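Please read the following account alongside the sequence and the coordinates.

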Amino acid sequence: MKISHMQLFIHSLTNPKKLGPYRILSIGKVMQYAFLMIALVTAFSFGQFINGGTDEIFSYSEIEQYAQDVQWIVYPIAIIFLFVLNTSIYFVKVSLFALAGQFFIRPMKRRGEYRQVWRTAVFASTWGTFITMFGNLFPISPTIATLISIFITMLFIIIALTKYPIEK
């Protein structure tokens with residue numbers, strides 16, 4: 001199946017029914033999409049770090065002079081740290097969503113393995129990733145943003161599971 005990342009992105013946002021057939025995409029294509037999402041989140045997080053995080057780091061008077069001398073190294077370390085942290089969080093979230101999706105397969109009388117639900121969960125978590133990423137820009141509590149993101153992701157997974165083959 002030949003499909004571009006932009007098509008995957010658009011379908012992940014607009015058409016959860018198309019996510020079901022994406023369960024058979026190669027793991028390479030799914031991982032590319034996952035790392036594109038992680039890169040987006042990391043870039044956004046780094047932007048927030050630059051706009052506010054450095055003030056907290058360099059605000060201590062004892063280390064202010066030392067920080068001025070090594071300030072050039074803070075940014076590369078921050079990017080690496082944010083990338084590793086965001087990657088870990090993203091894969092744990094997708095894995096938990098896939099595990100939750102497994103509980104819906106049998107009652108829906110559908111065939112599917114964890115690896116297929118995991119692939120579907122990568123695409124279904126696109127809205128959740130954006131809601132979590134941009135949630136702090138709006139005056140809503142992080143808990144509410146997280147609950148909304150979980151609800152939308154699980155809804156997309158359940159809708160996608162309806163396109164899985166019927167159990168014989």
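In this predicted model, Phe 130 has a relative accessible area of 13%. Because burial is assigned under 20%, Phe 130 counts as buried. Its ring partner is Phe 134: the ring centres are 6.0 Å apart and the planes meet at 10°, so the pair is stacked. Both residues belong to helix 5 (residues 126-134), where they are four residues apart, about one turn of the helix. Phe 134, however, has a relative accessibility of 32% and therefore counts as partly exposed.

Two packed helices are described by the angle between their axes and the distance between the axes. Here the angle is about 80° and the axes lie 8 Å apart; helix 1 and helix 5 are therefore roughly perpendicular to each other.

Twelve aromatic pairs are found in a search of the whole structure. One of them is formed by Tyr 22 and Phe 123, whose ring centres are 5.7 Å apart and whose planes stand at 65°, so this pair is edge-to-face. Tyr 22 is located in the loop between helix 1 (5-14) and helix 2 (27-57), whereas Phe 123 is in helix 4 (residues 114-124); the pair therefore ties together parts that are 101 residues apart in sequence. Both Tyr 22 and Phe 123 are buried. Elsewhere, ring pairs link Phe 35, Phe 83, Tyr 90, Phe 91 and Trp 118 into a cluster. A further ring, that of Tyr 164, has a charged neighbour: Arg 23 lies over its face, at 4.9 Å from the ring centre.

One backbone feature remains to be described. Lys 109 is not a glycine, yet it has a positive phi of about 60°. Lys 109 is placed in the loop between helix 3 (61-105) and helix 4. With a relative accessibility of 54%, Lys 109 counts as exposed, because the exposed class covers values over 50%.

Notes
Residues are numbered from 1 along each chain as its sequence is written. This is a predicted model: local features need pLDDT of at least 70, side-chain atom pairs count only at pLDDT 80 or more; totals for chains, interfaces and linings use all residues. Side-chain values use heavy atoms; hydrogens and water are left out. Rings of Phe, Tyr and Trp (its six-membered ring) pair if their centres lie within 6.5 Å; planes under 30 degrees apart count as stacked, over 60 as edge-to-face and the rest as tilted. Helices (H or I, at least four residues) and strands (E, at least two) are DSSP runs, numbered from the N terminus. Buried means under 20% relative accessible area, exposed over 50%, partly exposed in between (1.4 Å probe, protein chains only). A charge sits over a ring if NZ of Lys or CZ of Arg is within 6 Å of the ring centre and within 35 degrees of the ring normal. Axes are lines fitted to C-alpha atoms, for helices over the stretch in contact, and angles run from 0 to 180 degrees between N-to-C directions. Angles under 35 degrees count as roughly parallel, over 145 as roughly antiparallel, 65 to 115 as roughly perpendicular and the rest as oblique.
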